[in-house]
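Hi,

Here is the structure we talked about handing over. Please load it first; my notes come after it.

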Amino acid sequence: MKKLTSLLEWPVLIFCTATVCFFLGVIITDLVGKGWSALSWEFITSRPADGMTKGGILPAILGTVLITLITALFAVPFGICCAVYLNEYAKDTWLTRLIRACIRNLSGVPSIIYGLFGLALFVQGLRLGTSVLSAGLTLGLLSLPYVITTTEEALRRIPASMREAALGVGATQFESIRDVVLPSALPGILTGVVLTLSRAAGETAPILFTGAAFYINGTSGYLNQEFMALPYHLYMLSTQHQAIEEVRPLAYGTALILLMVIFLLNLTAFYIRYKHRNDD
Amino acid sequence: MKTLARERYDRLFKLLFRTTGLMVIAILGGIFLMLLWNTIAFFLHVNPWDFITGTQWNPSGSSASYGILPLVVSTSLVTLGAMLIAVPLGIGTAAFISEYAGRRLKNILKPTIEMLAAVPSVAIGFLGIVIVGPGIAKLTGQSNGLNALNGAILLAVMALPTIITVAEDAINAVPKSYREASYGVGANRWQTLIRVTIPAAAPGIIAAVMLGVGRAIGETMTVLMATGNVSAFPKGFFDSVRTMTATIAIEMGEVPYQTTHYFALFAIASVLFIMTLVANIVGEYFVNRFRKYHAA
């Protein structure tokens with residue numbers, strides 16, 4: 001019996017691990033293998049043409065960049081301030097515990113519910129309409145718990161002695177945070193922010209009803225207009241287009257570009273983290 | 001004078017930081033109130049009992065019926081399938097990374113799993129259409145292979161990184177002395193893993209599974225693209241299904257503002273919210289229990 005189990009142990013565990021790696025392998029090889037031929041300079045620099053069957057995806061790329069910027073402008077300062085409060089100021093009271101519980105719950109709320117909330121709050125409540133701004137703010141809300149959690153983790157790694165040293169030479173608490181704590185936690189915060197934004201850039205469900213459009217006339221860039229985005233474009237091309245088989249290469253190209261954008265952001269985050277690890 | 005200004009800044013920023021903290025409560029409260037408000041508006045038109053026990057979701061028919069049961073069963077079916085695939089794979093991988101892999105292999109495997117977590121759901125849904133779908137169709141002789149099984153496979157891929165990361169933390173946190181005691185009485189590495197380490201890490205592993213369940217229930221794009229979206233009562237894994245998330249995604253774009261149908265979609269969202277909340281709270285309970293248990 002003992003012999004049999006020790007014969008099984010490696011195959012079973014390696015099978016599990018290999019299957020998980022195999023999933024990632026399939027995703028990458030299939031998208032690269034079939035999407036590569038669709039990629040060209042023209043594909044990323046021109047507008048869609050002939051009812052989406054030809055041309056490129058420039059507006060979708062720009063739209064994704066634009067909403068990710070809005071997401072960052074909203075979620076990053078907000079999230080960092082909240083993390084600073086929780087880690088530097090808050091004592092262990094019921095209120096602090098309530099805030100933490102809210103953050104944990106927010107990170108578990110399904111993205112489609114953020115979509116509904118964005119629709120109710122930004123599109124209808126604040127009358128921003130279906131627009132880049134509504135969608136960006138909705139993604140900002142979705143990203144907020146992740147920014148807070150990762151920032152707090154980065155802040156927690158800063159030793160108390162550094163704060164005490166700053167306070168000891170006469171800095172106020174705010175000055176110690178601004179000049180000592182935040183700069184030393186910056187690499188950790190940046191890693192978390194980049195990872196969060198890469199998630200936000202790939203989200204589709206929250207922008208379904210808050211402003212994403214299949215096709216827009218003219219260039220995007222106005223905050224109060226609908227916009228095209230890479231994930232939404234991929235969804236429409238692969239399920240809603242009237243000539244699905246014909247546009248499949250374009251869908252593959254879009255998927256590959258989306259994956260490349262997101263992996264690039266992730267690699268940036270890994271690089272920051274790796275470099276920072278070598279610092280100390 | 002200068003000190004006075006600095007102190008004023010200090011107080012001002014403290015206030016600002018605290019306000020952002022309170023805003024977080026307001027956001028969750030806002031989501032909660034929005035769901036509650038619209039759900040109550042829905043229940044003014046439709047009997048709650050009919051909503052919960054109704055077996056037909058057909059809001060656009062001449063006599064509209066708003067039964068959520070087929071949607072809940074669809075979501076549960078797809079989630080169950082996803083867990084049947086992801087839980088054994090996830091625990092096995094977590095055990096391998098934490099107990100068997102060397103340092104260098106670990107440094108490759110961990111980023112691999114982070115990369116898998118980073119793949120957008122819409123890209124996984126797309127692969128469900130172009131790879132998994134045709135694969136299932138070939139095996140079963142169906143026309144397109146867009147069914148619950150397809151959704152379950154994709155959701156398993158989406159939930160795996162969560163399950164692996166949390167389960168690996170749990171296995172890692174089991175004190176070394178447990179293993180040494182097991183080796184000391186003559187057990188080999190496999191027996192130690194199965195009989196000692198995994199049982200000791202059980203609360204953490206349950207937490208991992210529950211967090212994975214939470215992710216799978218709330219996932220929208222993959223199931224929207226890959227499960228076929230037929231809102232009939234599902235009979236098995238080879239039927240097309242339509243989950244709660246997919247129903248909201250499909251119908252929200254088309255309904256007129258503040259009609260019964262519009263409110264009905266918020267009522268679905270409330271049920272979805274409660275289901276993910278329960279999964280996450282149970283998961284968190286076990287995470288905390290695990291922490292206390294090993295701190296003692």
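Below is what came out of the analysis.

This is a predicted model, where local features need pLDDT of at least 70, side-chain atom pairs count only at pLDDT 80 or more, and totals for chains, interfaces and linings use all residues. Residues are numbered from 1 along each chain as its sequence is written, chains are lettered from A and ligands numbered from 1 in the order in which they are written, and side-chain values use heavy atoms, with hydrogens and water left out.

Fold. Chain A has ten helices and two strands. These are DSSP runs, numbered from the N terminus: helices are H or I with at least four residues, strands E with at least two. The order along the sequence is α-α-β-β-α-α-α-α-α-α-α-α. The C-alpha trace of chain A spans about 70 × 70 × 35 Å along its principal axes.

Packing. Chain A has 280 residues, and 53% of them count as buried (under 20% relative accessible area; exposed is over 50%, partly exposed in between; 1.4 Å probe, protein chains only). Take the contacts (heavy atoms within 4.5 Å) in chain A with a separation of 6 or more: 73% come from residues 24 or more positions apart.

Cysteines. The whole structure holds zero disulfides (a disulfide is a pair of cysteine sulfur atoms within 2.5 Å). For C82(A), the nearest cysteine sulfur is that of C81(A), 8.6 Å away. C82(A) counts as buried because its relative accessibility is 0%. The sulfur of C102(A) lies 9.9 Å from its closest cysteine sulfur, in C82(A), which is too far for a bond. C102(A) is buried too, at a relative accessible area of 6%.

Best wishes
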